[in-house]
Amino acid sequence: MSVAFVRDRDAPLRPPPPGTAGALGWLRANLFAGPGNSLLTLLLGLALGWLAWSVLDWAVLRAVWTGSGREACAIPDAGACWPFVWEKFPQWIFGFYPLDERWRPLAVMAIGAAALAPMMVPGAPGKQANALFLLIAYPAIAYVLLAGGAFGLEPVETSSWGGLLVTLVVAVTGIVISLPLGILLALGRRSELPVVRTASIVFIELWRGVPLVTVLFMASVMLPLFLPGGVTLDKLMRAIIGLSLFASAYIAEAVRGGLQAVAKGQTEAGLALGLSRGQVTRKIVLPQALRISIPNIVGIFIGLFKDTTLVLVVSIYDFLGIINAGLQDAKWAAPQTANTGYFVAALVYFAFCFAMSRYALFTEARLEQAGKR
Amino acid sequence: MKNKLITLMLGAAASVAIAGAATAGTLDDVRQHGFVQCGVSQGLMGFSVPDAQNNWTGMDVDFCRAIAAAVLGDATKVKFTPLTAKERFTALQSGEIDVLSRNTTWTMSRDTSLGLKFAGIMYYDGQGFIVNSKKHANVKSVNDLAGATICTQSGTTTELNIADYFKSQKLDYKLLTFEKNDEAIAAYQDGRCDAYSTDQSGLYAQRLKMQVPDDNLVLPEIISKEPLGPVVRQGDDAWFNVVKWVYFALVNAEELGLTSQNVEDMKKTSTNPEIQRLLGVASSDGKAAGFGIGMGLDEGWAEAAIKQVGNYGEIFDRNVGQGSPLKIERGKNALWKDGGLQYAPPVR
């Protein structure tokens, strides 16, 4: 007689082989998977550690934190010269904006940030009203606040703007102008109307074929000579237009890539359903194309943000430009002053670009889910 | 999105201003605007630098202030326009600025073919040398640099000037050139070369950025001519005269011992006819001196400039000389009677 053996419960789980689970296992799988891998890990770890230590040592441990001139920072073996930053920082943000009027750019930045924040959170209410405010009311408010000359605000010429303020104004205006323009150009390039198509192609190729520095120089040096005697066009204005047109040509190509990636069947299906061409483009093709183009578009925006430093060649003091000008102050001339200034510049540019990049990733992931549904 | 564009367009239209054609008379334009539009460098130690409170300081800056004081009676009535080296002449030609005071070297081609006029020489610059005085304690002049290795930036006239000068002095030397100025300075500081060469005012600025500035000696010789001065548009002689004579007034004031401190007293008490003429004091028979009027300015033009900005020596001292961190020697910028080149025609 045999006894039927039917197991009615799981066998107890056995522990995984030693060294394949937990932190140790992760280390082994990812960092020390073989002799070559281990060596690489060690070397890179050492290099990274050395780099981190050097930065920490220079920026914190050996740094000078207080003082009121070059004597404080010119001591032997000194690291970063922070008092230089404390004294100059407001100027780095506002440029030569009059001291008593600095609340105005601050208000513009605060309103912008407050209005933009809920736009970036997917579930936040009032998106439509907010968008209308940002696109219609905000530019007007920002312009009036910054330039003044109305409502009893003292006029401030754009030549007095500078620092991070100018970097943001140029970058944000550039982005806001270049995106719609770029989309129109991309659609124009694929248009079946020969005039529109040719015009778009000529525009895109012309702007892509010219270096940005040349564009800015043309706008700043050549343009005044062509204008009738004595008429001057605002310099910042010229730079923004140049930069926006330049970026729009690149955006157009990024969007065109997206448009081409949308299968032709989508358009045909839309037309078969009786939608008009405009409807097909707006409701079927563009949404898909833009989703595909997001990484490229954000790449162009990040490039645009960094390219704003080039306005220095037309003597507009952007963030980097104003730091450079401050380095010429004999009061702060010391061996580490320049390094400190550039260190701060790098941190600020990185913060902005990294934030843009992360937000783009987040958006992409969200849209990706929508696509999978 | 379009609205932002329109907003900006309107802004541009509003800021399209009539700067006044060059031929209409810059002096009248300046009076009408109520300020002097002055083109300066984007930042050059001792010549034009913005401080943390947005005030511009420096020699080039002070010269514009002196013009404003002479023309408008108020040294603060200046609008500074920072310009890159490439933009500066266009800005002047297009009427964006009234005077270019931006460490610009007076050369023949610039003077004759650009439609511009140089109004004077504010600063006699030129290529010089700096040596580590700790390592080379016995080097006191370029003639002691025989056999030395010299660091400099490549592809500039600096390189050629060294070759010419050392050849004419029959001195041996070795040149170590670098693509970038910063690299050349780093090499000098690391001791890879005995001397570093660039424009002398630049040497002083670089010296200040070194660990122990006093361990480095700027040699007295200048081996090239880089006369820096203010520039105005050609064809507006009245304005040219004003700018030129403001500069002369500053130099004459130093020669006559007029300073920002004593100019008011001297105007009342001095019996020196040269001072009386410069300051527009009526002579004993009651006749006005008339020199300011002759230029289209007030009689008090020179007094205002000297009182509010100082004489040439004061401007030099405060910005680049012993009263500043740069501590540049007067050298060639001393008055002619002290062995320098600063010389102004008499007010007569």
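Q: How far apart are the centres of domain 1 of chain B and domain 2 of chain B?
A: Taken over C-alpha atoms, the two centres are separated by 33 Å. The bounds are 19-124 + 228-329 for domain 1 and 127-224 for domain 2, and such bounds come from an automatic or database domain assignment. This is a predicted model, in which local features need pLDDT of at least 70 and side-chain atom pairs count only at pLDDT 80 or more, while totals for chains, interfaces and linings use all residues. Residues are numbered from 1 along each chain as its sequence is written, and chains are lettered from A and ligands numbered from 1 in the order in which they are written.

Q: What makes up the contact between domain 1 of chain B and domain 2 of chain B?
A: Domain 1 of chain B supplies seven residues and domain 2 of chain B supplies four residues, a contact being two C-beta atoms, placed from the backbone, within 7 Å. On the domain 1 side, six residues are nonpolar, one is polar and none is charged. Here Ala, Val, Leu, Ile, Met, Phe, Trp, Tyr, Cys and Pro count as nonpolar, Asp, Glu, Lys and Arg as charged, and the others, Gly among them, as polar.

Q: Why is Val139(B) called buried?
A: A residue is buried if 20 or more other C-beta atoms, placed from the backbone, lie within 10 Å of its own, exposed if 12 or fewer, and partly exposed in between. Val139(B) has 20 such neighbours, so it counts as buried. Val139(B) lies in the loop between β9 (127-132) and β10 (148-153) of chain B. Beyond four places in sequence, Val139(B) touches Val131(B), Asp144(B) and Leu145(B).

Q: Why is chain B called as compact as a globular protein of its length?
A: Chain B has 14 helices and 15 strands; helices (H or I, at least four residues) and strands (E, at least two) are DSSP runs, numbered from the N terminus. The globule rule is 2.2 Å times the number of residues to the power 0.38, and the radius of gyration is taken over C-alpha atoms. For 348 residues the rule gives 20 Å and chain B has 22 Å, which is close, so chain B is as compact as a globular protein of that length.

Q: How does the radius of gyration of chain A stand against that of a compact globule of 373 residues?
A: The globule would have a radius near 21 Å, but chain A has 28 Å. The C-alpha atoms of chain A fill a box of roughly 115 × 75 × 40 Å along the principal axes. Chain A has 14 helices and one strand, and 32% of its 373 residues are buried.

Q: What makes up the largest nonpolar core?
A: A nonpolar core is a set of buried Ala, Val, Leu, Ile, Met, Phe, Trp, Tyr and Cys residues joined through C-beta atoms within 7 Å. This one has 104 residues, of which Ile67(B), Ala70(B), Val246(B) and Ala305(B) touch the most other members. Helix α9 (residues 237-256) of chain B gives the most, with 12 residues. At least three residues come from each of domain 1 and domain 2 of chain B.

Q: Which secondary structure is found over residues 165-188 of chain A?
A: These residues are 100% helix and 0% strand, with end C-alpha atoms 34 Å apart. UniProt, in an unreviewed entry, places a "transmembrane region" at several stretches of chain A, including 165-188. Its positions follow the numbering used here, feature names are shortened, and annotations may be inferred rather than shown by experiment.
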